[in-house]
Amino acid sequence: MNRIRTRFAPSPTGYMHIGNLRTALYAYLFAKSQGGDFILRIEDTDRARYVADAVEFIERTLAAAKIVPDESPALGGAFAPYVQSERMDIYKHYAEELVANGHAYYEETEQGVAIRQKMPRVGETTFYDVLHGNITIANSELEDQVLLKSDGMPTYNFANVVDDHLMEISHIIRGTEFITSTPKHVLLYEFFGWELPTFIHLAPVMGKAPDGTVSKLSKRHGATGFHDLIDAGYLPEAITNYVALLGWSPKNSCQEIFTMDELIAAFSLDGLSKSPAVFDYAKLDWMNGEYFKAMTDDAFAAAAQDYLADFDADRKIFLASLLKTRVAKLSDIPQTIGFLKTLPPFDAELFANKRNKLTPQKSAEILAPAIKILEQVDDWTLDALNAKIAAFVEESGLKVGAVMWPLRIALSMQKVTPGGVTEILYLLGKETSLERLNAALEQLEA
């Protein structure tokens, strides 16, 4: 096999979790880095767990992650069909060939006739794994596995070997959970007289619980599916970038932010780690935030459209410029700008500020003339608001912080906001701004 060919062969039994995505990504990156082919094959022989529309969901997920197959059920290819349930005659042919050669046998079951692989009872089976080296398992530990069930449906352990050979797969990239099954696969290759592919068994992705304990990543650790993470407000390209670094690192480089083309150029099997990777949501937050910062205001506004629907076009773009450097994921936006829609409860203590020597009473004394100045602003733009407030600060002889603090609290009832006072005034508009400022003043003076 001269051409590098890899495959991603999921079962259509549900959503695509991070471990699945990483397997597909590494198989894709390796094939593309070597000028080879990446194949999507659907292993749907477990009909009891089949989920309707799962194939389309898998295809949509790969497309969103920019993992593009060269051959697939939708695209077709020289080795079609790429869905196992459409290849039943092929499996039957090869299972019967094994029976004829003495490497398998028929078995009567209550449901009908099945075919089992006949394992050797002595000796050992050894195979080489790129990450783990030579792995040897005593044949006495291997049970005669079912190849073809009585209903004619092949088992995973049989169908994937037949398909990998017929589709000329050169490198099999999958999780370590398949290591114990691999000797059975190796024996099938030997029984047929087929050339072995190269095996790469990836270490698992782990999750860290709040108490610090680490275990295999699962839903109890939070969102673990690709689309779950998108729904949580992460960008697809940031997720893909982060997943690429869960068990792989570029050689001679500290680079962490990659485009897909850069990942392809940098990827090599030498960069894979045989140690488990820990999924760190804080690191994903950081990486997603870096992607936000690199976006144009228009692009961020489009990505955040669902969260900015209450604002007009100009304010939407302006708000995007403030938020893209302040949030880690899109779902942080409602909490970050919630005060613009609904003012939190009044709290006089928030107006006290030691740094600016402010008390609630002193804040009220500053708010009263500031409100009168703002009432005179007809052109409610950032430039006009900045000019008026700057003039007020100069005329009052107060420090900038002493003026801005009571205004910020009255407008937002928050010590920290995206943007400063003039930005909040602009976003709220004149009517709402003055309503909030006057209401705060009334309560401070009460």
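This is a predicted model: local features need pLDDT of at least 70, side-chain atom pairs count only at pLDDT 80 or more; totals for chains, interfaces and linings use all residues.
Student: How much space lies in the largest pocket, and which residues lie nearest its centre?

Tutor: Let's start with the volume: the largest pocket holds about 960 Å³ of space. Its lining is made by 39 residues. Those that lie nearest the centre are S11, H17, N20, E177 and F178.

Student: Which element gives the most to the lining of the largest pocket?

Tutor: Four elements each supply at least two lining residues: β1 (5-8), α1 (18-33), α4 (156-166) and β8 (171-175). By class, the lining has 15 nonpolar, 15 polar and nine charged residues. The element that gives the most, with five residues, is α1.

Student: What about the second largest pocket: which helix gives the most to its lining?

Tutor: This pocket has a volume of about 240 Å³. Its lining includes Y307, F311, P334, K341 and L428, and by class it has seven nonpolar, one polar and four charged residues. Both α12 (333-341) and α16 supply at least two of the lining residues. With five residues, the helix that gives the most is α12.

Student: How is α11 oriented relative to α16?

Tutor: The axes of α11 (residues 313-323) and α16 (residues 421-428) come within 10 Å and cross at roughly 150°. Angles over 145 degrees count as roughly antiparallel. That crossing therefore makes α11, relative to α16, roughly antiparallel.

Student: Which residues of α16 make the contact with α11, and is the crossing left-handed or right-handed?

Tutor: On the α11 side, the contact is made by D314, R315, F318, L319 and L322. By class, the contact has five nonpolar, no polar and three charged residues. The α16 residues are E423, Y426 and L427, and the crossing is left-handed.

Student: And how is α13 oriented relative to α14?

Tutor: The axes of α13 (residues 360-375) and α14 (residues 382-396) come within 10 Å and cross at roughly 140°. An angle has to be over 145 degrees to count as roughly antiparallel. The crossing of roughly 140° therefore makes α13, relative to α14, oblique.

Student: How many nonpolar residues does the contact of α13 with α14 have?

Tutor: α13 passes α14 in a right-handed crossing. From α13 come I366, P369, A370, I373 and L374, while α14 brings L385, K388, I389 and F392. By class, the contact has no polar and one charged residues, and the number of nonpolar residues is eight.

Definitions and conventions:
Residues are numbered from 1 along each chain as its sequence is written. Side-chain values use heavy atoms; hydrogens and water are left out. Axes are lines fitted to C-alpha atoms, for helices over the stretch in contact, and angles run from 0 to 180 degrees between N-to-C directions. Angles under 35 degrees count as roughly parallel, over 145 as roughly antiparallel, 65 to 115 as roughly perpendicular and the rest as oblique. A crossing is left-handed if the near helix is turned anticlockwise from the far one by less than a right angle, and right-handed if clockwise. Contact means heavy atoms within 4.5 Å. Ala, Val, Leu, Ile, Met, Phe, Trp, Tyr, Cys and Pro count as nonpolar, Asp, Glu, Lys and Arg as charged, and the others, Gly among them, as polar. On a 1 Å grid over the protein atoms alone, a cavity is a set of points where a 1.4 Å probe fits but cannot get out, and a pocket is an open set with protein on both sides within 12 Å along at least five of seven lines; lining residues have an atom within 4 Å of a point. Grid points are joined across faces, edges and corners, and a volume is the space filled by probe spheres set on the points.
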